[in-house]
Amino acid sequence: MAKHPFHDVAIVGIANSEQARVLEGHDSTTITFQAVHRVLADTGLTPWDIDGVAAGPFSGPLTYYMRNGPAWRNHMAPSIPIILDAASAIATGQCHTVLVAHGSAGIYTERASTAPWTRPANEFVVAYGMFTAAEFALIAQRHMHMHGTTPEQLATVAATIRNNGHAHPDAVYHGRGPFTPDDILASRMVSDPFHLLDCAMTSEGACALILTTRERAQDLPKRPVYILGGACDSFGPSYQHPPAWDLAGPSGRNNGYTGRWAAQKSFAMGELGPTDVDVCEFYDPFSFEIIRQFEAYGFCEEGEGGDFIMDGRIGPGGQFPVTTDGGTMSFSHGGAAVQQLQRVIRGVEQLRGTCVTSQVPDAQVAMCSNGGAGALFTDVILLGTETP
Amino acid sequence: MSEILQPQSPGIPLPVPTIYSQPYWDGCRVGELRFQRCQDCGAITMDPAPACSACFSENLEWEVSTGLGEVYSWTTVWRPQTPAFTVPYVAVIVTLDEGFWLLANIINCPVDAVHVGMRVKTTFVELSEEITLPYFEPVD
């Protein structure tokens, strides 16, 4: 049997910087460097053990200031695709230890407007008042029209995830709850069907991870976590064209289920299926996206996601606990991209068994995602406790 | 009786046309909703693009839409993108009768009347010397 492509790769370090609504005295560089120091501490590694850096705009500065060149590098804003690139670089011998890091602070200052990264400048949407919530609302409304998905079902997702954040001492919105679905529905409307509490919040902060070889991982202090599968689905640029559920080409594969084909490839790579997943660290920009992902990834049939998430199935102790730290709704949403790393960090923490809240007992497989149909892409990564 | 949706006022961010989209915006200024049709495969491309979105041919020609269509999806926005926008406004994706999608706002319509399948037609509002925007309004 062929060796798994990520057989010799492990995730060995995870860290968050401080996360807060506003981080006084920090900019994007200083907060990213804080996360880097913390992830080095998590692994016991030095800067000179790192021979690859995937930190978006900070890749160059980090390599320069750490004096760890010559180093492999990736300049794209890190999220699941870049973690997969880093794993591939290690698997193909281009480097042995990659630092993944990103952070954001001091970017969102004009508070009368929505955050700058949510507002498209594209000529076909700019004059119609579009921003992230409206883009994702156009996806949710279409699903509600087709399948009768209800605001109460969306609110159940939001209350579940916000309660995970309410309980987590490091969440930006720690202690803000607990919330019932009625509390979500009572919050002011932002973009129908999304109430304020159906939406991601905004904050500041940085994240970092370290990947290395399976062999090197054995000498490091923390339990290694392995990549069982991963892939990415894109249907185009985010927030520039109508976010239509039925956007498709000759393949017939539609934007409404973006992530489905990435999930199928990921499950095939790991010889797994949805029932093998112990914890669902799904990206939660808006409540409806969780319902959509359960359908897209094959956990339930098309149109049944609204019913599927009810009756405690996605809460603590449920069959498929979701977004167990509070996600972008409550834990943190550091900027345009950095918060996407939170899903992988939390997946690793679940598999290490070190979560201070909402730890899934004996979790062995975590499914993590980024993106959403309103943004025309979804990325998937499957993590596990055992070498694939 | 709910509020009647109005077009936005000058001061909102406006489109910056490109070489390949300029004919679309020129059309709006004379009250025409223009779209591109591929002369090789017959497919429609929208938004305006440098190549056919069905066969990637560059052999595209402009045609004029009837401007008639139906609402495919919608959202009523209560938190403005920037203070330049007046709320509420309703963003819609409309499926034009020719078969392409256009994202715009709907006006001249009660705010709570918008629904999937609603028949609409284009109407044009001048926002600057260079830019006239297509909006949709209900068909009587």
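The C-alpha centres of domain 1 and domain 2 of chain B lie 20 Å apart, where the domain bounds come from an automatic or database domain assignment. This is a predicted model, in which local features need pLDDT of at least 70 and side-chain atom pairs count only at pLDDT 80 or more, while totals for chains, interfaces and linings use all residues. Residues are numbered from 1 along each chain as its sequence is written, and chains are lettered from A, with ligands numbered from 1, in the order in which they are written.

**The two domains of chain B**

- Domain 1 of chain B covers residues 17-64, and domain 2 of chain B covers residues 66-140.
- The contact between them takes eight residues from domain 1 of chain B and twelve residues from domain 2 of chain B, with two residues counted as in contact if their C-beta atoms, placed from the backbone, lie within 7 Å.
- On the side of domain 1 of chain B that touches domain 2 of chain B, the largest share comes from helix H1 (residues 22-29) of chain B, which gives three residues.
- By class, that side of domain 1 of chain B has six nonpolar, one polar and one charged residues; here Ala, Val, Leu, Ile, Met, Phe, Trp, Tyr, Cys and Pro count as nonpolar, Asp, Glu, Lys and Arg as charged, and the others, Gly among them, as polar.

**Chain B as a whole**

- Chain B has one helix and eight strands, where helices (H or I, at least four residues) and strands (E, at least two) are DSSP runs numbered from the N terminus, and the order of these elements from the N terminus on is α-β-β-β-β-β-β-β-β.
- The radius of gyration of chain B is 15 Å, which agrees with the value near 14 Å that a compact globule of 140 residues would have; this radius is taken over C-alpha atoms, and the globule rule is 2.2 Å times the number of residues to the power 0.38.
- Along its principal axes, the C-alpha trace of chain B spans about 50 × 30 × 25 Å.
- Of the 140 residues of chain B, 39% count as buried, a residue being buried if 20 or more other C-beta atoms lie within 10 Å of its own, exposed if 12 or fewer, and partly exposed in between, with C-beta atoms placed from the backbone.

**Chain A as a whole**

- Chain A contains twelve helices and eleven strands, and its radius of gyration of 20 Å is close to the 21 Å that the globule rule gives for 388 residues, so chain A is as compact as a globular protein of that length.
- Of the 388 residues of chain A, 61% count as buried.
- Among contacts in chain A between residues at least 6 apart in sequence, 74% join residues at least 24 apart.

**Helix H8 of chain A**

- In helix H8 (residues 260-270) of chain A, the buried residues are A:Arg260, A:Ala262, A:Ala263, A:Ser266, A:Phe267 and A:Gly270.
- Seen down the axis of H8(A), these buried residues fall within an arc of 160 degrees, so they line one face of the helix, the arc being that of the directions from the helix axis to the C-beta atoms.
- The buried residues of H8(A) pack against strand E8 (226-234), helix H9 (288-296) and strand E11 (377-384) of chain A.

**Where chain A touches chain B**

- The contact takes 27 residues from chain A and 31 residues from chain B.
- Helix H4 (132-147) and strand E5 (189-191) of chain A are the elements that give two or more residues to the side of chain A that touches chain B, and H4(A) gives the most, with six residues.
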